[in-house]
Amino acid sequence: MKNQIGRIVILVEDYNAALEFYQKNFGFKKLHDVTTDVGQRFLHIGTDKMDALGIWFLRPGRQAQKSRVGDQTTGHPVMVIYTTDINQLYHQLKANDVKIKVELVMTPEYKFFHCLDLYGNEIVVVELPS
């Protein structure tokens, strides 16, 4: 038996705006996009194939869920994104006016920064050692 993580779920107000943000800033693409006959949309994005880790956007249904958009983890990061070029990604996000919460930290042991998505979800960006 092999088990793996498939999707993290992020509540969004607008599927297309969320898709555009993650495409423009992180190069993510649609992995799966279908709307059911009752109008529920299933939009999955990521960097790789359908069975790789990705993000599943969901619109909140109840008022309690609506209040959690941008704050699903109550102030903690919602995800970590790994990159092979942290300097390039950092400057790309700054050029796209993405809010940086923790400025770029570079040491011999690690490189990282924190940014916010369009709803305020905190993302940690890390360059893994090569």
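**Close-up views of a predicted model**

**View 1. Arginine 7 and its contacts.** Leaving aside neighbours within four places in sequence, arginine 7 is in contact (heavy atoms within 4.5 Å) with Leu31, His44, Met50, Ala52, Leu53, Gly54, Ile55 and Trp56. The model is predicted: local features need pLDDT of at least 70 and side-chain atom pairs pLDDT 80 or more, while totals for chains, interfaces and linings use all residues. Residues are numbered from 1 along each chain as its sequence is written, and side-chain values use heavy atoms, without hydrogens or water. Arginine 7 sits in strand 1, residues 7–11. Strands (E, at least two residues) and helices (H or I, at least four) are DSSP runs, numbered from the N terminus.

**View 2. Helix 1 against helix 3.** The axes of helix 1 (residues 15–26) and helix 3 (residues 86–95) come within 9 Å and cross at roughly 135°. Helix 1 is therefore oblique to helix 3. Angles run from 0 to 180 degrees between N-to-C directions, with axes fitted to C-alpha atoms over the stretch in contact. Under 35 degrees is roughly parallel, over 145 roughly antiparallel, 65 to 115 roughly perpendicular, and the rest oblique. Lys24, Asn25 and Phe26 of helix 1 meet Leu89, Gln92 and Leu93 of helix 3.

**View 3. Lining of the largest pocket.** Lining residues have an atom within 4 Å of a pocket grid point; the grid is 1 Å, the probe 1.4 Å, and a pocket is an open set with protein on both sides within 12 Å along at least five of seven lines. The lining has 15 residues, with Phe28, Leu53, Gly54, Val80 and Ile81 nearest the centre. Strand 5 gives the largest share, 4 residues.
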